[in-house]
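Here is my note on the model you sent.

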Amino acid sequence: MKILTLRGIIDRRILVNFTVDPDIARKIVPDPFRPKIYNNRAIAGICLIRLKNVRPKGFPELVGISSENGAHRIAVEWTENGELKEGVFIPRRDTSSVLNSIAGNRIFPGRHFLAKFDVKEEQGHYHIAFKSTDGTTVSLDTEQAETLSSDSVFKTLDEASKFFKNGAVGYSPNGNKFDGLKLETFNWQVKPLKTTAVQSSFFDDESIFPKGSVLFDNALLMTGIAHEWHSVGKKNHCI
């Protein structure tokens, strides 16, 4: 699969981040990827992103589409032509857009489960929740903060920002291959959030993540980010 370059605005993006026992993460992440370890922990999370005016590059904004989306991610690295690469493995994607759902694994990388989103944003407070057609649920209540949580595995906001900016390439499963997509942002900036409640049926599933193996770490906010999506082609599953 090679999609057209897409352009649009990230109206709001919240990165909800967890730390995971590295041994558990290694069981989840397929070859040729391996978990990226940071301060002795693997890093996983959910990207809750509202996209606006997404359209093929060169097309006017009026033909663009807008949607709420969620992507469960695990930070990974791999070796390509003798060079160490990094990005994210995306085991599942969810979307409010029927078009995105139909186009998933056809035009857009990865199957996109159609989901009903409940979003409330007011004076720096964010409530974002969704329930997907297969029963997967996510719920987040968070608000803008001055500093990154002192309990975070990241020592500073800049440290966290650099880690996630470097994970711009995402691979989604498609049969026995992985489709890749690169996010290029033109004004990258993250802000810290203080989270009061977070739930994900994916991360709560103890058949995948045994009790105590995954812990909430932090949440970060991005708004008003001009961006493009670029195809990076397929990667084979190593057997």
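**Notes on the model**

1. Start with a backbone detail. P32 sits in the loop between α1 (22-28) and β2 (34-35). This is a predicted model, and its peptide bond from D31 to P32 is cis. Omega there is near 10 degrees.

2. Two other loop residues deserve a look. N40 has a positive phi of about 70 degrees, although it is not a glycine. N40 lies in the loop between β3 (37-38) and β4. With a relative accessible area of 66%, N40 is exposed.

3. Q123 is the other one. Its phi is positive, near 50 degrees, and the residue is not a glycine. Q123 belongs to the loop between β7 (112-122) and β8 (125-132). Is Q123 buried or exposed? Its relative accessible area is 77%, and over 50% counts as exposed, so Q123 is exposed.

4. Now the overall fold. The protein has three helices and 13 strands. For 239 residues, a compact globule would have a radius of gyration near 18 Å. The protein has 17 Å, which agrees. Along the principal axes, the C-alpha atoms fill a box of roughly 50 × 45 × 35 Å.

5. Take the contacts with a separation of 6 or more: 70% of them join residues 24 or more positions apart. Of the 239 residues, 50% count as buried. The accessible surface comes to about 11,800 Å², and carbon and sulfur atoms hold 49% of that.

6. On charges: there are 32 positive and 28 negative ones. Their mean positions are 5 Å apart.

7. Strand β4 (residues 41-56) contains L51. L51 is buried, at a relative accessible area of 10%. Which residues does L51 touch, leaving out those up to four places away in sequence? They are I9, I10, I65, S66, S67, N69, H227 and W229. R41 is 10 residues from L51 along the chain, and their C-alpha atoms are separated by 30 Å.

8. Last, the aromatics. A search of the whole structure finds 17 aromatic pairs. In one of them, the ring centres of F202 and F209 are 5.6 Å apart. Why is this pair edge-to-face? The planes meet at 75 degrees, and the cut-off for that class is over 60. Both F202 and F209 are buried. Ring pairs also link F18, F202, F203, F209 and F216 into a cluster.

Conventions
Residues numbered from 1 in each chain as written. Predicted model: local features only at pLDDT ≥ 70, side-chain atom pairs only at ≥ 80, totals over all residues. Heavy atoms only, no water. Helix = DSSP H or I, 4+ residues; strand = E, 2+ residues; numbered from the N terminus. Rg over C-alpha atoms; globule rule 2.2 N^0.38 Å. Buried < 20%, exposed > 50% of the residue type's maximum accessible area, 1.4 Å probe, protein only. Contact = heavy atoms within 4.5 Å. Areas by Shrake-Rupley, 256 points an atom, 1.4 Å probe, with all protein chains shown as cover. Lys, Arg positive; Asp, Glu negative; His and termini not counted. Charge placed at Lys NZ, Arg CZ, Asp CG, Glu CD. Phe/Tyr/Trp six-rings, centres within 6.5 Å; stacked < 30°, edge-to-face > 60°.
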